[in-house]
Amino acid sequence: MKLTTRVMENTHAYRLWQAPFAEKKFAPILAHNDLRNVRRVLDVGCGPGTNTRHFAHADYLGIDHNPQYLDYARRLHGRNFVVVDINDWPLAAAARFDFVLINSFFHHVDNASARRILRQINAVLSGDGHVHIIDLVLPSRRSIPRFLARNDRGLFPRPLTEWKELFGQAFETVVFEPVSITGLGATLWEMVYFKGKGKP
Ligand SMILES: C[S@@+](CC[C@H](N)C(=O)[O-])C[C@H]1O[C@@H](n2cnc3c(N)ncnc32)[C@H](O)[C@@H]1O
């Protein structure tokens, strides 16, 4: 296991590293959606409840395989968090959500797993629901964002074109927007925001 992985699996280390950037990553979701209308949220790979506070008014279920993250999230938010490996898809066939959030998760899984999980998510979207994905882009040029993407604990950051193809195969594209996350006067991460509608 990489050293970065071991450190980042610690809740406090992860929160310290991500806290200054969490809202910047979430900003495109706020720009494109009115969260007051959201009724039922599934937060896939929710971590220590990084984005939970945005859904205080809605039904909320956060799933993640790190029990330490979820203990922390439960104490902080008092919401429904379930420890599960997403590869063992935990949701009943009848479960439906109008807002599925997947923030910074898919760069942890290979293409075959990502395709399977995307299909499973398509199946739990309500008719008027959308999936909202934020993920890590691997830029082609040598740069800080490329260095950080290559040294992330997730082994599968992808070029924008690959994200577009992966998401577009599973969902009807509503928004596909590159996002630069800045800090200390520089761009640190290149990300992408995807909003999709279920495909029959
Ligand atoms: C980069 S973190 C993102 C956490 C949170 N969504 C955020 O925005 O801060 C990726 C998350 O995916 C979770 N994760 C990775 N692989 C997983 C799997 N197979 N099953 C469940 N959770 C997984 C990790 O534990 C971690 O919390």
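Which residue has a side-chain N or O atom 2.6 Å from an oxygen atom of the ligand? In this predicted model, where polar contacts are pairs of N or O atoms within 3.5 Å, that residue is Asp64. Taken alone, the ligand exposes 590 Å², of which the protein buries 94% (accessible areas by the Shrake-Rupley method with a 1.4 Å probe). In total, 19 residues surround the ligand (a heavy atom within 4 Å), and Tyr14, Gly45, Thr50, Asp64 and Asn103 are the closest of them.

Residues are numbered from 1 along each chain as its sequence is written. Because the model is predicted, local features need pLDDT of at least 70 and side-chain atom pairs count only at pLDDT 80 or more, whereas totals for chains, interfaces and linings use all residues, and side-chain values use heavy atoms, with hydrogens and water left out.

Helix 3 spans residues 67-77 (helices are DSSP runs of H or I of at least four residues, numbered from the N terminus), and its buried residues are Tyr69, Leu70, Tyr72 and Ala73 (under 20% relative accessible area, 1.4 Å probe, protein chains only). These cover an arc of only 160° around the axis, which puts them on the same side of helix 3 (the arc being that of the directions from the helix axis to the C-beta atoms). At the start of helix 3, a side-chain oxygen of Asn66 comes within 2.9 Å of the backbone nitrogen of Gln68, while just after the helix Gly78 adopts a positive phi of about 60°.

Notes: Buried means under 20% relative accessible area, exposed over 50%, partly exposed in between (1.4 Å probe, protein chains only). Helices (H or I, at least four residues) and strands (E, at least two) are DSSP runs, numbered from the N terminus. A polar contact is a pair of N or O atoms within 3.5 Å; within protein, one must be able to donate a hydrogen and the other to accept it, and residues adjacent in sequence count only if both atoms are side-chain atoms.
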